[in-house]
Amino acid sequence: MLRTTSITSSSTETHGTLKLRPSAVQDSPATSGFPITTDLTSSPFYDVQTGPTRVVLPTFTSLEEERRYRKEHLALVFRILHRFKLAEGIAGHCSVRDPIEPDTFWVNPQGKSFALMKQSDLVRCSAEDGHMVEGVAPTDASASSIHSQLYKSLGRGPEGIEAIVHVHGPHTKAFSSLGRTLDMISQDACAYHDEQVLVSFGGAVFDNKEGERIASAVGKDKKIAILQNHGIISLGRLSIDEAAWWQINFEMCCHAQLLADAARRPTDPVVEAGPEEIASTKREMGSSEMGWFSLAAYIEEEEYHSGGRHRL
């Protein structure tokens, strides 16, 4: 079973308290700089990894260091989404809460290529009303509306959010038109059990009223909002990495669901996992920590392709 922890230097329970890196923790080239520890039981992955070390979530010596980390990983997320062919014209927006001023968030300017995103391209907006507080490049009105109201409504803490991802994937768009949630037909789907919500289509989003409506429908216990006739919004409780993984993985799950539905004969039953199997799989595959780590290989790959340009 995965053990829960916190990724931030200002933890979700103790905002503003910096955590110093224990002496047992070290960076590991094998995990693209993700820290590992010899203090095995301190890792949230203690039960699912073997060997003399375990992966742990990053800690930071200052909020400035954490801000830089969050912005760089947000830039990497855009590049990863492009590599998964989830960039569609000027559509799509992703954001992460600012650790220094947590009532603000960093988001992409509209029209900037996902494939070329740098941390310096990001702009910062208020979670109160979406108003831009840092940067000059225009951002999508639907991004400032939806993201601001989700951050404002859901807050921080164990039931709050730290990151949001929304893109227009082909399989999530198709699935969103069916008026249903995923069947529990795979272990990946189990990660989303009871954590999907359907949100009716409200047309294009240009003001905070629509953002308020979506935020009200999502509530505090969901990781995926299925925007009908539109696509999905994925939420990260700990990190932008987590939110990105839920987006990518849910796209894969929708693809699998559509394939299964197309292949099933009228007389074929839907074979779903049992309640105990769903619950145990969700505990291991559906935690925020596992969501964060599941993106690790793609972060490593994109750091290689970027050649450091995402840090500029």
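**Exercise 1.** What is the accessible surface of the protein, and what percentage belongs to carbon and sulfur atoms?

Solution. The accessible surface (Shrake-Rupley method, 1.4 Å probe) is about 13400 Å². Carbon and sulfur atoms hold 54% of that surface.

Ground rules. This is a predicted model, where local features need pLDDT of at least 70, side-chain atom pairs count only at pLDDT 80 or more, and totals for chains, interfaces and linings use all residues. Residues are numbered from 1 along each chain as its sequence is written, and side-chain values use heavy atoms, with hydrogens and water left out.

**Exercise 2.** State how far helix α2 reaches, and compare with the expected span.

Solution. Helices are DSSP runs of H or I, at least four residues; strands are runs of E, at least two. Helix α2 covers residues 141-154, which is 14 residues. The expected span is 1.5 Å times one less than the number of residues. That gives 20 Å, and α2 reaches 20 Å from first C-alpha to last. Just after α2, G155 has a positive phi of about 65°.

**Exercise 3.** Decide why α2 counts as largely enclosed.

Solution. Buried means under 20% relative accessible area (1.4 Å probe, protein chains only). In α2, 11 of the 14 residues are buried, so the rest of the structure largely encloses the helix. Among them are I146, H147, L150 and Y151. Their cover includes β4 (93-97), α5 (208-218) and β11 (231-236).

Note on methods. Buried < 20%, exposed > 50% of the residue type's maximum accessible area, 1.4 Å probe, protein only. Contact = heavy atoms within 4.5 Å.
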